[in-house]
Amino acid sequence: MKFSHQLQFNVVPEWADYYLAYSNLKKIIYQAEKDLVAAGAPSTSDVELGLGEPNEQTGLLSTSKRAQAKAKANSIFLPALDKELEKIVTFYYKKERELYAEVEALAADVEFVENFDPVVSGRIASSGDALGNNKVTGGGGSLGRARSRAHQNGRTSRRSTIGRSGSWRYDEALAHANAESPETANELDRTPTTTSIGHGAASSSATDVANNNEEEDDDDDDGKSMWFEPEMEEERLRYRHNCIEMFVNLSELQAYAKLNCTGFSKILKKYDKISENNTKKVYMNQVVLKAYPFKQETTTKLQAQIDRVIHIYARIFTIGDLEVANRSLRMHLKEHMVWERNTIWRDMIGMERKSQAVAVRPSSQMKREPISIKTPCGSFQLPRFLTWDVLVMAFCCTVFAVLLNVNLFDEPEQQNCFAILIFASLLWATEAMPLFVTSLLVPLLVVMLRVMRSDDEEHTRLDAHAGAKKIFSLMFSPVIMLLLGGFAVAAAMSKYHIAKAMATVVLSRAGTRPSAVLLANMLVATIASMWISNVAAPVLCFSLIQPILRTLPPSSSFSKCLILGIALASNVGGMASPISSPQNIIAIEYMSPAPSWFEWFFVALPVCLICDLAIWVILLWVYEPSSNTPTISTIRSTKDPITGTQVFVCAVTVLTIILWCFEHRLEWLFGDMGLIAIIPLLAFFGTGILTKEDFNNFLWTVIILAMGGIALGKAVESSGLLHMIAMEVQRYVKDMSAFAVCCVFASMVLVIATFISHTVGALIILPIVAQVGATLPDPHPRLLVMSAALMCSGAMGLPVSGFPNMNAIMMEDEMGQQYLSTADFLKVGVPSSVVACITVVTLGYGLMTILGW
């Protein structure tokens, strides 16, 4: 999590204005970064490449300008940091004095309760002597009962003077707390000793009662046990609230100091990275850590006050058991934090998960606005419950009901399966309900309408029991296990910043020319999509280019060029490996035998490279970024040391990929590449590198979507409907060559996948393509399925064409203005899709022919 988010969601709401202004300081840093870029000094990478080699005059000028820019940055940033530190120190002084005064008042009030009024004490002592000097016992003696009665008599008179902490001395203590000098906090820290002693020795009669050590111990036991007498229950409840409140407030003050200290360290690290300074070490050691809130003695003093509250709580509620008291108070602290911040955290997690949802629009975004219909007689509104989603759902259900009752096929299972196919396709295309919900609907309808048939020669129609067993056994196929293994690899590489580190190393060497920076970012996006999926790759790459976007001049077209390039390259990266996109997983299900990873790379990598280069040329031609943006600020590579965990994750990932590449030769051992996918799951979750929370954060909507697609494909095949559709299509393409058929299907997939999700397009088209390819006079099912799968990723002409495009269209600048519009995708995305189609049916077709597909 970014520290700005961590700071935002861990502040005490009432103290929000007194924390480090992290976002404001970042704006100062970003402005300094712009000034440094404007200074125009050639970067190290350019000099190494022989680009922009400075002569003596330009070198001196650029050095002078850069030095001035650094000096200006220091003159703005460091005073701002000093101001923030002063604000935090002042607030900490004030809050510390206030809380320490309340703790002092609480302790004094407890002492007042336990050491009752001196006059009453004298009478009780005299009564004890008259009764024969009976020895005082732990709380069952007459002194304990008399003490409780005396306290009951005095409680009413004191209650009117009790303040927020329940103390009779609260006003007096708070007056000390409001003293202006910071040294007051130190004075108050020494006060408890004298105060607690003073109340114990205020009466000579009480001293006479405790003349020897044994009587003192008995009196102390009596002070503890008196709290558990029935008449003290009301007082105990009052002090319980006060102790919990004090403990929570002191703990929040402790967290306040720690969070701000971390904030200073983070912001100084960011400043040093941007300005190429070494300010952090000096400023932290000589300024921050010497400020009052962050001194070791201040921390120790605060912890002592927390321990003091624990002792008071233990004395009143746990018979002196400090461990139980500490555990009880920390439980109340946890409940307080959960109650106060639960909604914020839930909203935050919802935003994080929503950003990874696989849909053209978020599934929860229902169109709730009332529908207005304009007529010549005026306009009127439909009832509020009749939203667009309801109307679309009603239309889909009507089509489904009609298809179930119109005889288009001879066999009932084929008739029902065709109705399910059209119904599911409409729901997926319109997203009247979330995509994964439609996938869950598929097996339900398949079983209830008895679509499945037996695999023997008679093809007997299965009943509901046999159909349910068969469809569920088919849904969880080895392909789903391969998808889970891919998610585990992606999660580990993202969690431990391996993908980010690799990407920054490459991008830091891209130089400052717009064309080189654009191509480097596109290649990084494609390669990242191979391993962490084309869903996560654009998110990573868009975060890496933020320093570039911040330093671009307002008139620069390079921002559009760069964002579009990453989005389109991420779509292309969806072709690159079997685990880079869901449509590839679905394609493997319909390819028999399944291609090895080496075969996939042999076809996909050259196609991806040519597509990236073609898109790069189109972007440079459309936007001409060099004309208005001559140089670009460089992305700095990470300087974090390589950890053992990162080495282990890389080793497991490389081993898994090698096994996937040679799966056919190891089939005697593993049986299927889905079984190999268990290795990263065991290695990462078994060692604790990934946790249960990481497992819960897998894209389960994608997995359910793939399982529903497999169920629909198997139902269409089992019912015989797929064979009939393939025979009808074959009548039109029987005279065509394999190349012509490949062009027809690639073009059809291009059109369909442009307007609906890539995954949905694969679910609808690939089963038909596989069956048609198998029934051709010269069968090439694997070639046609592979071509169609590659084109699913190559369709990128609209903002709704795949997740990378949806992510790109939502990118905004600092003023909240979107970088891209639909027109940008039409200008670049449509030509890029056409180029991808041509590349697949030419270069891709030739490579697949070499493999003998």
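Here is a walk through this structure, from the whole chain down to single side chains.

Keep in mind that this is a predicted model, where local features need pLDDT of at least 70, side-chain atom pairs count only at pLDDT 80 or more, and totals for chains, interfaces and linings use all residues. Residues are numbered from 1 along each chain as its sequence is written, and side-chain values use heavy atoms, with hydrogens and water left out.

Let's start with the big picture. The protein chain has 38 helices and two strands; these are DSSP runs numbered from the N terminus, with helices being H or I runs of at least four residues and strands being E runs of at least two. Out of 853 residues, 50% count as buried. Buried here means under 20% relative accessible area, exposed means over 50%, and partly exposed is in between, using a 1.4 Å probe and protein chains only. The chain exposes about 40100 Å², and carbon and sulfur atoms supply 60% of that. Those accessible areas come from the Shrake-Rupley method with a 1.4 Å probe, and for residues only the protein chains shown count as cover. What about contacts, meaning heavy atoms within 4.5 Å? Among contacts with a separation of 6 or more, 77% are between residues 24 or more positions apart.

Now for the rings. Rings of Phe, Tyr and Trp (its six-membered ring) pair if their centres lie within 6.5 Å; planes under 30 degrees apart count as stacked, over 60 as edge-to-face and the rest as tilted. By this rule there are 22 aromatic pairs. One of them joins tyrosine 18 and phenylalanine 91, which are stacked at 4.4 Å centre to centre with 10° between the planes. This pair links distant parts of the chain: tyrosine 18 sits in the loop between α1 (3-8) and α2 (22-39), phenylalanine 91 is in helix α4 (residues 56-114), and the two are 73 residues apart. Tyrosine 18 is partly exposed, with a relative accessible area of 37%, while phenylalanine 91 is buried at 8%. Compare that with phenylalanine 695 and phenylalanine 698, a tilted pair at 5.3 Å centre to centre and 50° between the planes. Phenylalanine 695 is partly exposed at 33%, and phenylalanine 698 is buried at 7%. Going back to tyrosine 18 and phenylalanine 91, ring pairs link them with Trp15, Tyr19 and Tyr256 into a cluster.

Next come the charged side chains. A salt bridge is a side-chain nitrogen of Lys or Arg within 4 Å of a carboxyl oxygen of Asp or Glu, and by this rule the count is eleven. Take arginine 453 and glutamate 413, whose side chains meet in a salt bridge at 3.6 Å, N to O. Arginine 453 is in the loop between α17 (435-448) and α18 (464-475), and glutamate 413 is in helix α16 (residues 412-430), so to speak a link between distant parts of the chain, 40 residues apart. Are these two buried or exposed? Both arginine 453 and glutamate 413 are buried. Another salt bridge joins lysine 560 and aspartate 824, at 3.9 Å, N to O. Lysine 560 lies in helix α23 (residues 558-573) and aspartate 824 in helix α38 (residues 822-850), so this pair ties together parts that are 264 residues apart in sequence. Lysine 560 counts as partly exposed at 30% relative accessibility, whereas aspartate 824 is buried at 2%. Glutamate 589 and lysine 714 also meet in a salt bridge, at 3.7 Å, N to O. With glutamate 589 in helix α24 (residues 582-589) and lysine 714 in helix α32 (residues 700-718), the pair ties together parts that are 125 residues apart in sequence. Finally, salt bridges link Lys94, Lys95 and Glu98 in a network.

On to the surface. Patches are made of residues with over 30% relative accessible area and no salt bridge; like charges are joined within 9 Å, and nonpolar side chains (Val, Leu, Ile, Met, Phe, Trp, Tyr) within 5 Å. Leu523, Ile527, Leu609, Ile610 and Leu613 form a nonpolar patch, with about 390 Å² of accessible area together. Which helix gives the most to the nonpolar patch? That would be α25, with three residues. Both α21 (514-544) and α25 (597-623) supply at least two residues each. Isoleucine 610, in helix α25, is partly exposed, with a relative accessible area of 38%.

Last stop: threonine 279, found in helix α12 (residues 279-288). Threonine 279 is buried, with a relative accessible area of 13%. Leaving out residues up to four places away in sequence, threonine 279 touches Leu78, Leu268, Tyr271 and Asp272.

Note on methods:
Contact means heavy atoms within 4.5 Å.
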